[in-house]
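Please look through the model below with its helices and charged side chains in mind.

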Amino acid sequence: MEVFVVGGSSLSHPTTLISVHNFSSSSTPPLSPSLFPNKNSNNRRGRLPSAWTKTESPKLASKGGAFLSPSRRAAIIELQEASDLASSLSRLEGKIQAQGLNIVLRHFGELRRWKDVIQLFDWMQKHGKVNVASYSSFIKYMGKSLNPTKALEVYNGIQDDSIRRNVSVCNSILGCMIKNGKFESSIKLFDQMKKDGLTPDEVTYSTLLSGCIKVKDGFTKATRLIRELESNGLEMDSVIYGTLLAICASHKLCEEAEMYFQKMKDRGFSPNLFHYSSLLNAYSVDGNQMKADELIEDMKSAGLLPNKVILTTLLKVYVRGGLFEKSRKLLAELQALGHAEDEMPYCLLMDGLAKEGHISEAKTVFDETKAKGVKSDGYSYSIMISAYCRSELLEEAKQLAKDYEDNYDKYDLVMLNTLLRAYCNTGEMENVMEMLKKMDKLAISPDWNTFHILVKYFCKEKYYQLAYRTVEDMHNKGHPLDEELCSSLILQLAHVGESLKAFSVYNMLRYSKRNLSNSLHERMLKILVSAKHLKEAYVIMKDNAELISGSSLEKFMMSFMKLGNINMINDVVKAFHSSGRRVDAEVFHLAVTRYVSLPEKKELLLHLLQWMSGQGYILDSTSRNLLLKNSRMFGQHLIAETISKQFAASKNLGIQGTKR
């Protein structure tokens with residue numbers, strides 16, 4: 001059997017496709033807040049100056065291009081069209097300055113020619129032809145190209161303090177980090193920027209707020225930023241209100257979203273489609289159809305007509321509310337308006353039906369998408385395959401998975417996991433390995449779902465070594481382990497004689513999850529004692545004695561006294577006593593018996609006897625006789641004196657205990 005180790009590098013870029021695998025989240029794509037600039041600020045969102053006319057060359061359509069001399073304009077166009085950028089830059093060095101080079105930089109950026117962007121900017125830095133706009137534009141494009149490392153390298157290398165704390169440059173690097181999912185790092189950098197003299201503006205806070213949409217405790221973090229914004233004398237604008245509404249929707253805070261929506265209207269801002277869409281998204285959390293319909297009427301009365309995004313979000317509200325008849329009517333309306341050319345609205349209805357157990361109705365919608373030739377990215381397949389798996393219709397799931405592979409050559413993590421689950425459920429090992437190879441070839445890193453699917457499959461098929469290696473890889477990549485699944489694997493590994501690997505899984509699980517069930521500790525102790533791995537069993541006893549039954553602990557103690565490392569006997573006895581339990585006389589007898597058999601352990605024996613005296617323990621007659629019989633090996637007088645002191649000390653401790 002071919003062995004395939006789960007791995008793969010991280011994604012080179014996040015998928016732009018919207019996962020419909022779980023429609024409980026606010027997955028309907030909102031309109032970008034940048035489409036709706038503050039009504040009082042025409043240029044702060046990056047609009048081109050009005051001096052630029054439509055007669056200008058499209059290659060020069062960038063800020064400042066209208067004011068260049070003909071020779072410099074010619075130089076810019078030559079650079080934009082150069083097949084050998086380095087050679088052209090060398091030849092035109094004296095004819096073009098930072099302003100013109102910035103135009104070329106933005107031209108390359110808008111065309112997503114990232115290598116040319118980096119090459120040009122590096123040349124500009126080397127020849128001292130950079131300004132604030134150069135840094136701001138370059139960092140912005142590094143964010144778009146998903147290269148935050150290069151952006152940070154450039155920002156950290158800025159020597160001119162006035163540029164380093166320029167608000168435009170700072171906003172660019174913060175936006176770059178937010179875009180690349182580095183919210184916490186961006187907050188730390190923001191705090192350092194303020195210490196270095198940055199005076200943040202509304203765009204700064206708007207940028208940081210956008211990062212709160214998808215992070216844990218995002219709403220709490222957003223409210224802190226809003227308080228700081230207001231304490232700095234800045235005012236919230238329509239863009240910031242829109243971002244707050246999106247944050248509330250993504251964190252399922254419907255009442256808070258309503259509050260901000262009303263507050264925005266009270267402050268004189270007219271809601272636009274983005275604001276309505278975000279609040280509608282909040283209503284979709286619990287399928288609040290009544291409020292959603294009222295909001296649509298409010299929007300129409302304000303002179304705004306529902307667009308594709310609004311209607312699709314409304315469809316999600318109906319589906320989440322279980323209003324499938326209304327959902328079908330709205331889907332028909334979307335079709336009539338030409339807004340159902342892609343699979344998104346169909347997937348919303350299909351997913352809702354499937355999760356409510358209406359598999360045949362969901363399949364009818366699925367078949368409709370195929371019959372109508374609806375543009376699909378494969379997510380309709382993902383929904384139906386998952387639905388079949390949940391309903392134990394495994395052959396149907398497998399057949400649909402193969403149908404997808406025959407008709408599509410487009411894979412992302414969600415789709416690969418879906419296909420993987422289908423093949424695992426039906427025991428198609430060859431197809432499972434093929435999915436893993438595709439994942440590796442496409443450099444798509446497995447997520448928690450991937451690992452969980454594989455571990456469950458390997459356990460079911462009794463590939464315990466593969467299951468163990470997968471759990472190990474999962475743990476090394478920082479994914480939390482599932483206790484139920486790992487507990488099952490621990491028992492199965494123990495059953496096939498792999499108790500130490502079972503212990504390794506136990507330790508990974510303990511590290512991954514703070515609160516484990518009490519029974520797992522005892523189960524692991526029993527496995528190790530049975531396999532005579534007593535040193536490892538001691539670790540469990542020492543850390544979890546209070547959670548383990550007395551009978552299991554006593555069995556461990558007896559086993560350790562008989563077979564455990566003699567150099568650890570005293571430590572084991574002390575740890576057991578420290579757990580609040582009294583050590584049985586038979587345990588001491590076994591310990592003495594072990595020590596008597598090895599006279600070179602004299603010091604350990606004497607130390608144990610002295611400790612017993614201090615804790616009120618006394619040897620039983622059998623143990624005393626054994627010691628006295630072999631006292632010549634340990635020092636006859638010393639043994640007699642120690643036993644005498646032990647008896648006297650235990651008697652005194654008993655009297656003191658009575659007085660208490």
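This is a predicted model: local features need pLDDT of at least 70, side-chain atom pairs count only at pLDDT 80 or more; totals for chains, interfaces and linings use all residues.

Residues are numbered from 1 along each chain as its sequence is written, and side-chain values use heavy atoms, with hydrogens and water left out.

Helices are DSSP runs (H or I, at least four residues), numbered from the N terminus. Helix 15 covers residues 289–301, and its end C-alpha atoms lie 18 Å apart, which agrees with the 18 Å that 13 residues should span at 1.5 Å a residue. The expected span is 1.5 Å times one less than the number of residues. Ala-292, Leu-295, Ile-296 and Met-299 of helix 15 are buried; buried means under 20% relative accessible area, exposed over 50%, and partly exposed in between (1.4 Å probe, protein chains only). The buried residues of helix 15 fall within an arc of 100 degrees seen down its axis, so they line one face. Met-290, Glu-294 and Ser-301 are exposed on the other side of helix 15.

The whole structure holds 24 salt bridges, each a side-chain nitrogen of Lys or Arg within 4 Å of a carboxyl oxygen of Asp or Glu. One of them joins Lys-150 to Asp-122, with the closest N and O atoms 3.5 Å apart. This pair links distant parts of the chain, helix 6 and helix 4, 28 residues apart. Lys-150 counts as buried because its relative accessibility is 15%. Lys-363 and Asp-367 also form a salt bridge (2.8 Å, N to O).

Technical notes: Helices (H or I, at least four residues) and strands (E, at least two) are DSSP runs, numbered from the N terminus. The arc is that of the directions from the helix axis to the C-beta atoms.
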